[in-house]
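Open the model in your viewer and keep the selection tool at hand. We will go stop by stop.

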Amino acid sequence: MPESIISPGLTLYILAWLIGTLLLWRIENLNRTAAPADLKKAPRISIIIPARNEEARLGALLNSLEQQKDCDIETILVDDHSTDNTSRLALQKGLRVIPSQTLPEGWSGKNWVCWQGAQAAQGDVLLFLDADTWLLPGGVARLLSAWQQTGGLLTVQPDHLTQKAYEQLSAFFNLVLMASINAFTVLGKRLAPGGGFGPCVMCSRADYFAAGGHSNVRNVILESIPLVRNFIRMGLPVRCLIGRGAIAFRMYPGGYQQLLEGWSKGFGKGAVMVNPIFTILASIWITGCFGAFSQTVRLLITGQIWILAVYAAYALQIAWMLYRIGRWQVWTVILFPIPLTFFALVMLRSLVLNYIIRRVSWHGRSIPTQEK
């Protein structure tokens, strides 16, 4: 092997590749979780859906709720001052609809409506679901089984289904989120998660209020991170799973602008909130991905074909990561520098919005980012 091949640059790419592999070594899916043996003895579950102008996305979730016949379920939709037919759709499906009270000072919209829903719920177990999710047949039973295995707090990232080309731009946001909360590392359960997932959260009613629930994270945009930490402080277990086999979603199906706004609103803030060690490790892996891309330019200049092995190694690694957490198009892996570059630009935008402008927008609401 020529001496030029064994260079500090190549060593960095190999190290970064190994770090990425170790960060996402063990991703646990719900499709491996059996349903409870005796659902007749299962506790009553209150499903709480925070919703603001979700008419276009709510239908899939409402239809899927009708298939959850194997559990005792109470379903509550808290309408956050929608101006469309969100409430009417929910009422037509037999849900209990609670109009949200005026947003108090110091609260974010989602945390406020979740808190109101929890206070109104009568079930022993609370299940918070985002309006853009939907459940597979038997999904609630699988979620309940996974939660009963450990108790505490269960947070689930739904199986991410993508359809349109612009949705592929979310790829690296998903991967960095998974890597930075240190829930899927080679250390497994020996390391407590540093964060969780907001679209699907389950816990007992008693534990929720003992931990302060969403009231204790009232002004935080990415509420799942401090919510997880509050449970850990109480000595309660936290489990993070991928929802394949139980729950799915499409993130930001409303178009490119919605995707840009959605990832910009909190990702930069989240990068600072999680464990800095894992933020650094995820950053090293991202640097390696950029390096693999830049090496292809070197290939064009020098003609050294071996450089393709670096690019191929990262592409295969990204495929291994992505296909365990969602359904992605092949070109997303082959042309991974495209979603990678988008990730970097939006991360920069998010940092500017959160720490310089100190205000983001979501669902037609301007949200200050100065959190206590």
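Select strand 6 (residues 153–157) and strand 8 (200–204): they pair in the antiparallel sense over 3 bridges. Pick T155 in this pair; its bridge partner in strand 8 is V201. This is a predicted model, so read every value on this tour as computed from it.

Go to strand 1 (residues 45–51). Is strand 1 mostly covered or mostly open? It is mostly covered, with 7 of its 7 residues buried. In a regular strand, side chains alternate between the two faces of the sheet. Show the side chains here: I45, I47, I49 and A51 point one way, while S46, I48 and P50 point the other way. All of these are buried.

Strand 1 and strand 2 pair in the parallel sense over 7 bridges. Click P50 and look across to V78, its bridge partner in strand 2.

Next, hide this sheet and bring up another. Here is an open sheet of 4 strands, ordered 5-10-7-11, again with mixed pairing. Strand 5 (133–135) and strand 11 (326–327) are its edge strands, each pairing on one side only. Zoom in on strand 5 and strand 10 (residues 247–249): they run antiparallel and are joined by 3 bridges. W134 stands opposite A248 in strand 10.

Now turn to the nonpolar cores. Nonpolar side chains tend to be buried together in soluble globular proteins. The largest core here holds 80 residues. Which of them touch the most other members? Select F172, F184, W285, Y314 and F336. Then colour helix 12 (residues 307–322), which gives the largest share of this core, 8 residues.

Stay with W285 and show what surrounds it. Leaving out residues up to four places away in sequence, W285 touches A16, W17, G20, F172, L175, Y314, Q317, I318 and M321. Another core lies apart from the largest one; it has 32 residues, among them L61, L62, L129 and L143.

Finish with the rings. The structure holds 13 aromatic pairs. One of them is F184 with F197, a stacked pair at 6.2 Å centre to centre, with 15 degrees between the planes. Both residues sit in the loop between helix 6 (171–180) and strand 8, 13 residues apart. Are F184 and F197 buried or exposed? Both are buried.

Then select F173, Y252, Y256, W263, F342 and F343 together, as they form one aromatic cluster. For the last stop, pick W320 and R324. The charged end of R324 sits over the ring of W320, 3.8 Å from its centre.

Terms used: Residues are numbered from 1 along each chain as its sequence is written. This is a predicted model: local features need pLDDT of at least 70, side-chain atom pairs count only at pLDDT 80 or more; totals for chains, interfaces and linings use all residues. Side-chain values use heavy atoms; hydrogens and water are left out. Rings of Phe, Tyr and Trp (its six-membered ring) pair if their centres lie within 6.5 Å; planes under 30 degrees apart count as stacked, over 60 as edge-to-face and the rest as tilted. Helices (H or I, at least four residues) and strands (E, at least two) are DSSP runs, numbered from the N terminus. Buried means under 20% relative accessible area, exposed over 50%, partly exposed in between (1.4 Å probe, protein chains only). A charge sits over a ring if NZ of Lys or CZ of Arg is within 6 Å of the ring centre and within 35 degrees of the ring normal. A nonpolar core is a set of buried Ala, Val, Leu, Ile, Met, Phe, Trp, Tyr and Cys residues joined through side-chain atoms within 4.5 Å. Contact means heavy atoms within 4.5 Å. Two strands pair if DSSP finds at least two bridges between them.
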